[in-house]
Amino acid sequence: MKKLSLILFASCSMIVFSIDAADRPNILYIMSDDHTTQAVGAYGGRLAKLNPTPTLDKLAAEGMRFDRVFCTNSICTPSRATILTGQYSQTNGVTDLNGVLPPERQYLPQEMKKAGYLTAMIGKWHLEAEPASFDYYNVLPGQGKYFDPDFIARGDKDWPKNVVKHEGYVSDVITDIGLDWLEKRDKTKPFFLMLHHKAPHDMFEFAPRYADYLKDTEIPEPDNLYDQPAAGFGSVATRGENDSLVHRIGTSVSKRHPVRNYGIDFNISPGLDDHEYTHQAYQEYLKRYLRCVKGVDDNLARLFDYLKKNGLLDNTVIIYTSDQGMMLGEHDYIDKRWMYEESMRMPFIMRYPKLIKAGTVNSDLINNTDFAPTMLKLAGAKAPAQMQGRSFDAALAGQPLAHWRTATYYRYWMHLMHHDNPAHFGIRTADSKLIFYYSQAEDEASNGKLTMPWKKGASYKIEPTPSAWEFYDLSTDPQEMHNQYANPEYAAKISELKAELKRQREELHEGDESHPHIQKVIDENW
Ligand code: CA
């Protein structure tokens, strides 16, 4: 009798546990760095014919591809802070690359832990403070290195001194650490793993095994690579009065930006004529970039194979995204930071067959403040009140999102830093975009200071540049070639969007009350 009750007790507790665990899926959040939608086959852009991402394409075919996911600040550190806090940049305090996210504000892993999840952060972190809110971490210091990278883990020494050197190529090493953690983890709990690749961030160092990949292939070029400054594109904020700033604003593929362009970085002969120089610089840029992408995609295949072999594939929510997009020569721009589509848009693919129908596509207007609330909802937890984003879990089952946003807010702060983009903010709706370049540094005292001296180039003075509005009708002009701000046909629409922009800046605490020099420019130009 005694024996029977013990068995009963044991089996009951097992049943209770297994129901509990089955209800809560594992969550595998994979994020690469600067991997843009143009370079994901599933998005069907000009590079899709090169088949750059077969593993990701399969993931999308078995899950859901999201077509309108945007970041709220298109640069590494702020985007990561937004994802971890569910908050816009001014609320989480990380507006630029110098931002720090201390453990007490690492809300996402904290809430996952409270929900009973085992939490881990592996790969590129880039938020300066210790990722102490995770049960386990093993992260690159700062940007990290492509080859034989150091990692910082928990250990005897205080953060960030516990450095361990790993041999090999960074995408392989991050995957190895991830697989090792999965194998050794406490299997009595569901897991929440953030696996963050460094690739394909600049300067695009690929593993030697990809040296011949695309070697003899002509990489398709964007239609708008050669025609910057095109009539109709941009504004005095991006081109200056009478195009006087086209050589100063926005680093380039071509010779246009004389100090920082990829022809210089990739040693293209300066004696070539403009068209040939641009062509060669672009081909080199894209080949290096796509070789890094290939390294990520092949490693994802290894990771997904492990999940399959271990019976984890269908009870794991798999998310693939990147911290933002990237300009791959569109408008002759490189890097991100811009509110233009290629930079602001994030790839976002989810697979979870228990909820998501294979091969589906979503077009809700989602941004990176929504990721944490959504993942928490799938974990059976509620997003804490301080998170500003909202869960879009209903969309996974193909349901409409109730009272959802009709415009998403954006802001880039780092006026004329590194890639010479003027500071700006704006909103994007389903089919249009309004941008205001206020073109001022966050800290007025920066005016007159010098920017970081770039390779082979002089420093520039940080100073206010012309402010201007841009409006693009994405339904007729998806490449954003024609700034229609001055077109009277759009006046009513623009006035509507300005009202929505103002409303969101207030509601999201994104105003400039604490930056009077910026507020002045806004007031003068509204
Ligand atoms: Ca990035």
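**Reading the chain, piece by piece**

Guide: The protein chain has 14 helices and 16 strands. Helices (H or I, at least four residues) and strands (E, at least two) are DSSP runs, numbered from the N terminus. This is a predicted model, where local features need pLDDT of at least 70 and side-chain atom pairs count only at pLDDT 80 or more, while totals for chains, interfaces and linings use all residues. Residues are numbered from 1 along each chain as its sequence is written, and side-chain values use heavy atoms, leaving out hydrogens and water.

Visitor: What is the radius of gyration of the protein chain, and what would a compact globule have?
Guide: The radius is taken over C-alpha atoms, and the globule rule is 2.2 Å times the number of residues to the power 0.38. For 526 residues that rule gives a value near 24 Å, and the protein chain agrees, with 24 Å. Along the principal axes, its C-alpha atoms fill a box of roughly 95 × 50 × 45 Å.

Visitor: How many of the residues count as buried?
Guide: Buried means under 20% relative accessible area, exposed over 50%, and partly exposed in between (1.4 Å probe, protein chains only). Here 59% of the 526 residues are buried.

Visitor: Which residues of helix α11 are buried?
Guide: They're F371, A372, P373, T374, M375, L376 and L378. That's 7 of the 8 residues in α11 (residues 371-378), so the helix is largely enclosed by the rest of the structure. After α11 comes G380, with a positive phi near 80 degrees.

Visitor: And what about strand β13?
Guide: In β13 (residues 407-412), 6 of the 6 residues are buried, so this strand too is largely enclosed by the rest of the structure. One side has A407, Y409 and R411, the other T408, Y410 and Y412, and both faces are covered.

Visitor: Which strand does β13 pair with?
Guide: Two strands pair if DSSP finds at least two bridges between them. β13 pairs with β14 (residues 424-429) in the antiparallel sense, over 6 bridges. For instance, A407 has T429 of β14 as its bridge partner.

Visitor: Is Q110 buried, partly exposed or exposed?
Guide: Q110 has a relative accessible area of 22%, so it's partly exposed. Its place is in helix α5 (residues 107-114).

Visitor: What does Q110 touch?
Guide: Contact means heavy atoms within 4.5 Å. Leaving aside residues up to four places away in sequence, Q110 touches P103, E104, R105 and S133.
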